[in-house]
Amino acid sequence: MLTLDLIPQQQELVERIAVLGREHFKARAAHYDDTATFPAEDFDDLFHAGLHAAAVPKAYGGFGLGPYHDDVFTLWMMTKEIAKADLSLARCWEGHVNSLVLLDGLANEAQKARWFEGVVQRGEKWVAWSGEPQSRAPGQQLRFGTTVEKVDGGYIVDGTKVFSTSAGGVEWAILLVNTAGPGGARHATEAAESLLLLACDLSDSTVTFDGSWWDPIGMRATVSHLVHFDRTFIPDSHLIGAPGQYLQGGWQTCFTPHYAASFLGAAEAAYTYALEYLTTQNKGHDPYVQQHIGQMAINVETAHLWLRHVARLWETGCYDEAQLAGSRARFFIEELAEETVKRCIRACGARSLNRPGPLERIYRDLSFYVRHDNADHILATIGKSQLGQAHDGSFFTP
């Protein structure tokens, strides 16, 4: 499926990142998972291989990949190859390239020139932090959230964000914050115009990270820590786009199928593992094993075809259709990926879940990552769109 509608130059980009995955990322994944540390060496490899600026426009020295250019499928296939090696790394990579897509679409020319130079020349890494969940977890004393105060020359951000992917590992974060109070973008209910996008230099001494909060079963190397902002000043020059533009323009819908590309990477890794393991164990003549392998092959191929379909809609300017199809792909590929991993486990047996094999990490990571959005709400959103009802295609709120 690597060559699905990709011209040789696009195939070469995907293969370059696939080689890094096979030769470096996969070998390091267990260490980053065990230690719950940011995959810094992997990003160094991406930078030195000239792949770090994939979503930077060509005019600024990148490859110009993204949904509002004529090539997003190559970007998603690059992400898939990273996810085959390490799903946590893929999530950090998603945060980086999705942030570059936002800068390309919403930043002014001066901002692009300054920030893209840092990415291309110095390998600076970006992420975007949106959520500020207001419901308390067991044992949690306080709600998370930020407040924003307009002051002379900029803004004061105070409070906390959580699920802050790549915390402490990247140089810049796009903060999605709300002038109406805590909630950010994902958990806010106020008018769209109250949402701001502020670029935060994470070397600021008023920004600190608390890793003690982060001890999940999977996706550990995303280091999605608690972040404290102690009256952090962000200048007006770091305001990205107009207030509310992120929600009004449906920018989150660009990234919904990108998550599915990572799910597909995990599924393909499990499928590849099953083929190698069952062949080595000489179990390929078992008819039940054959059925599992057959279904896994169909699942992986189907997921590729769905992503190709959604990508073509983006690349041909059918944006309304692309947004709807992206939700469908996100929902369906989650199901396909989870089924593929479960079939791999059933075919290979309990021994396959014993460390240091990769399958137990794939299982943990995928099980955790698909909770990023509520699949029930995604499916209800798809139903609302079919019924002609108002719906939230960005964050799938009921």
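Modeller: On a 1 Å grid over the protein atoms alone, a cavity is a set of points where a 1.4 Å probe fits but cannot get out, and a lining residue has an atom within 4 Å of a point. Rolling a probe the size of a water molecule over the atoms shows where empty space is left. This is a predicted model, in which local features need pLDDT of at least 70 and side-chain atom pairs count only at pLDDT 80 or more, while totals for chains, interfaces and linings use all residues. Residues are numbered from 1 along each chain as its sequence is written, and side-chain values use heavy atoms, leaving out hydrogens and water.

Biologist: Which residues line the largest cavity?

Modeller: Look for A83, A85, D86, L87, A266, R361, I362 and D365. The structure holds 1 cavity of 30 Å³ or more. Helices (H or I, at least four residues) and strands (E, at least two) are DSSP runs, numbered from the N terminus.

Biologist: How many residues of that cavity lining are nonpolar, polar or charged?

Modeller: There are 5 nonpolar, no polar and 3 charged residues. Here Ala, Val, Leu, Ile, Met, Phe, Trp, Tyr, Cys and Pro count as nonpolar, Asp, Glu, Lys and Arg as charged, and the others, Gly among them, as polar.

Biologist: What volume does the largest pocket have?

Modeller: A pocket is an open set of points with protein on both sides within 12 Å along at least five of seven lines. The largest has a volume of about 940 Å³. Its lining has 40 residues, and F163, R186, R371, H372 and D373 are the closest to its centre. At least two lining residues come from each of α4 (87-106), β1 (126-129), β3 (154-164), α10 and α11 (375-387), with α4 giving the largest share, 6 residues. The lining divides into 20 nonpolar, 15 polar and 5 charged residues.

Biologist: Which residues lie nearest the centre of the second largest pocket?

Modeller: H391, D392, G393, S394 and F395 do, out of 28 lining residues. This pocket holds about 430 Å³ of space. α9 (319-348) gives the most to the lining, 5 residues, and the whole lining splits into 9 nonpolar, 14 polar and 5 charged.

Biologist: Now the helices: at what angle do the axes of α1 and α3 cross?

Modeller: Two packed helices are described by the angle between their axes and the distance between the axes. For α1 (residues 8-35) and α3 (residues 73-85), the axes come within 7 Å and cross at roughly 20 degrees. That makes α1 roughly parallel to α3, a label for angles under 35 degrees. Axes are lines fitted to C-alpha atoms, for helices over the stretch in contact, with angles from 0 to 180 degrees between N-to-C directions.

Biologist: Which residues of α3 meet α8?

Modeller: F73, W76, M77 and K80 do, against H304, L307, R308, V310, A311, W314 and E315 in α8; contact means heavy atoms within 4.5 Å. The axes of α3 and α8 (residues 287-315) come within 9 Å and cross at roughly 145 degrees. M77 is also among the α3 residues that meet α1. A85 meets α1 too, and A85 is one of the residues lining the largest cavity.

Notes:
Angles under 35 degrees count as roughly parallel, over 145 as roughly antiparallel, 65 to 115 as roughly perpendicular and the rest as oblique. Grid points are joined across faces, edges and corners, and a volume is the space filled by probe spheres set on the points.
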